[in-house]
Amino acid sequence: MIDACRNSPFMRAVRREPAEHTPIWLMRQAGRYMAEYRAVRQRTPFIELCKTPGLCAEVMLTAVERLGVDAAILFSDLLLILEPMGLGLEFTPGDGPVLHNPIRQPAEVDRLRELDDCSPLHYVFEAVRQTRAGLSEPIPLIGFAGAPFTLAAYAIEGGGSRNYLHVKRLMLTDPGAWNALVARLARSVARYLIGQIEAGVQVVQLFDSWVGCLGVDDYRRFVLPHTRAVIEAVEPHAPVIHFGTGNPALLPLQREAGGQVLGADWRLPLDEAWAAVGHDRAIQGNLDPAVLLAPLGEIERRVEQVLALAGGRPGHIFNLGHGVLPQTPVEHAAALVQMVHERSGPINGKR
Ligand code: CP3
């Protein structure tokens, strides 16, 4: 089983090896667009769902089966790590996540406690074990965490944000306090990801979902060293997919920060994104999630376009450029997976 998993199209693409087809999975593949998920959520509040390993496994295994994807991802949330670090977390219907006591002032940075011991997140590791055990096929399981910048942004803003003014103010006013905060997050995230690997995931993805609000110079100075520290700590244990969105000008620096696979959103065509990260790394992406709202013919055209830009080069993992939208028809997501399988392989670098 573990050998079969190692040789799956997904793991082969991570290592940039030839494979029988281009592997595909979707960020947020288990979510509100799926009736089975909505049925579970009707009975269970979101945080309770995340803390019930049997339900996490069920929700993800259902999605994997319904879609026929090449990888599963742990069902959890980016923000749960902030609870044992001292922030109150709530998901309010419609408004998304809220952190109740955000860190706004340099003097408050010490309120964020380093996660020396990941045992408060035991339910996440149990969800990994139960999901892994439920995957009958040799399908790899992806673990994940927020990248230090994105987690710091949530901790400082206290929720979603348009301009990230609190984050940027702290960063620019007191770089020492900023670095202390983000370094503490980086060490905590590295321990958490290694815990997920020990529990049974094959790969981990670092989500830097909000990093696109930064310019290149600020990324280099305030973010890159911290993200690099996480990836350097984790990569001896398992490959890392380094995902960011919103600003393709950051791609060369994200490559510098590390990751065997770099995630790209749709703002650059795939060939340009791959050239920007370098062909010595694998690439994941990059269909605009809104394309799944279009008729099947248009989806097909866009799939062919992305595959053509990948050029048959080993090391492409097909995905959306960001998560599946709640308005997505589930048949369109399933059809996308089938199209990628039918129209891609074999991937041997000879096209
Ligand atoms: O990909 C998967 O299917 C695995 C599960 C997963 C969730 N969140 C479940 C979820 C993953 C990998 C995440 C990561 C996550 N969480 C990110 C990074 C990915 C990204 O989208 O950039 C972020 C920024 C979060 C924080 C978060 N969680 C937000 C902003 C929201 C609210 C927005 C929304 O879509 O409702 C959530 C809630 C959330 N996380 C849901 C799911 C299925 C929806 C909860 C619900 O109402 O049922």
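Arg 16 is placed in the loop between helix 2 (9-14) and helix 3, where helices (H or I, at least four residues) and strands (E, at least two) are DSSP runs numbered from the N terminus. The phi of Arg 16 is near 60°, a positive value in a residue other than glycine. The model is a predicted one, in which local features need pLDDT of at least 70 and side-chain atom pairs count only at pLDDT 80 or more, whereas totals for chains, interfaces and linings use all residues. Residues are numbered from 1 along each chain as its sequence is written, and side-chain values use heavy atoms, with hydrogens and water left out.

A further backbone feature is the cis peptide bond from Gly 285 to Asn 286, with omega near 0°; Asn 286 belongs to strand 8 (residues 282-287). Most residues other than glycine have a negative phi, and most peptide bonds are trans.

The chain contains 14 helices and 9 strands. Its radius of gyration, 19 Å, is close to the 20 Å that the globule rule gives for 351 residues, so the chain is as compact as a globular protein of that length (radius taken over C-alpha atoms; rule, 2.2 Å times the number of residues to the power 0.38). Along the principal axes, the C-alpha trace spans about 55 × 45 × 40 Å.

Helix 6 (residues 122-134) and helix 9 (residues 175-199) have axes that come within 8 Å and cross at roughly 30° (lines fitted to C-alpha atoms over the stretch in contact, with angles from 0 to 180 degrees between N-to-C directions). Val 124, Phe 125, Val 128 and Arg 129 of helix 6 make the contact with Tyr 192, Gly 195, Gln 196 and Ala 199 of helix 9 (heavy atoms within 4.5 Å).

The largest pocket holds about 1500 Å³ of space (on a 1 Å grid over the protein atoms alone, an open set of points where a 1.4 Å probe fits, with protein on both sides within 12 Å along at least five of seven lines; lining residues have an atom within 4 Å of a point). The volume is the space filled by probe spheres set on points joined across faces, edges and corners. Helix 3 (35-43), helix 4 (46-50), strand 2 (89-92) and strand 3 (96-99) each give two or more residues to the lining of this pocket. Of its 46 lining residues, Arg 28, Arg 32, Asp 77, Phe 91 and Pro 97 lie nearest the centre.
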